[in-house]
Amino acid sequence: MGETGGKLNEMIKKAIRDLEVTTSEYEEILKMADEDGQIDSQEQNQLKQLQDMIANGTIKRTPG
């Protein structure tokens with residue numbers, strides 16, 4: 001996992017710990033995942049976990 005992957009991982013872990021993600025944090029996560037032009041399998045898994053938790057209400061999306 002490169003530097004970008006590490007930052008992405010930390011941002012997703014923070015959202016899971018906090019049980020919320022702001023709109024700007026969510027946009028930053030998506031931007032970071034696509035920064036190198038490809039999303040590897042680990043990034044895909046992390047993004048899917050985040051999306052699933054948002055979809056089922058575990059993580060709340062908040063303004064900001």
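Reader: What is the mean pLDDT of the protein?

Author: The model is a predicted one, and pLDDT is the predictor's confidence in each residue. Of the residues of the protein, 97% reach 70 or more. The mean pLDDT of the protein is 91.

Reader: In which element is confidence lowest?

Author: Confidence is highest in strand S1, residues 20-22, where the mean is 97. At the other end, with a mean of 89, stands H1.

Reader: How are helices H1 and H2 oriented to each other, roughly parallel or roughly antiparallel?

Author: Helix H1 spans residues 3-18 and helix H2 spans residues 23-33; their axes lie 10 Å apart, and the packing angle is about 155°. Angles over 145 degrees count as roughly antiparallel. H1 and H2 are therefore roughly antiparallel.

Reader: How many charged residues does the contact of H1 with H2 hold?

Author: From H1, the contact draws on Thr-4, Lys-7, Leu-8, Met-11, Ile-12 and Lys-14, which meet Glu-25, Glu-28, Ile-29, Met-32 and Ala-33 of H2. Six residues of this contact are nonpolar and one is polar. The number of charged residues is four.

Reader: How do H2 and H3 lie, roughly parallel or roughly antiparallel?

Author: Helix H3 covers residues 41-55, and its axis comes within 11 Å of the axis of H2, crossing at roughly 160°. The crossing is left-handed. Since angles over 145 degrees count as roughly antiparallel, H2 and H3 are therefore roughly antiparallel.

Reader: How many nonpolar residues are in the contact of H2 with H3?

Author: Here Tyr-26, Ile-29, Leu-30 and Ala-33 of H2 meet Glu-43, Leu-47, Leu-50, Gln-51 and Ile-54 of H3. One residue of this contact is polar and one is charged. The nonpolar residues number seven.

Reader: Which residue meets Lys-14 in a salt bridge?

Author: The structure holds three salt bridges. In one of them, the side chain of Lys-14 takes part at 2.7 Å, N to O.

Definitions and conventions: Residues are numbered from 1 along each chain as its sequence is written. This is a predicted model: local features need pLDDT of at least 70, side-chain atom pairs count only at pLDDT 80 or more; totals for chains, interfaces and linings use all residues. Side-chain values use heavy atoms; hydrogens and water are left out. Axes are lines fitted to C-alpha atoms, for helices over the stretch in contact, and angles run from 0 to 180 degrees between N-to-C directions. Helices (H or I, at least four residues) and strands (E, at least two) are DSSP runs, numbered from the N terminus. Angles under 35 degrees count as roughly parallel, over 145 as roughly antiparallel, 65 to 115 as roughly perpendicular and the rest as oblique. Contact means heavy atoms within 4.5 Å. Ala, Val, Leu, Ile, Met, Phe, Trp, Tyr, Cys and Pro count as nonpolar, Asp, Glu, Lys and Arg as charged, and the others, Gly among them, as polar. pLDDT is the predictor's confidence in each residue, from 0 to 100. A crossing is left-handed if the near helix is turned anticlockwise from the far one by less than a right angle, and right-handed if clockwise. A salt bridge is a side-chain nitrogen of Lys or Arg within 4 Å of a carboxyl oxygen of Asp or Glu.
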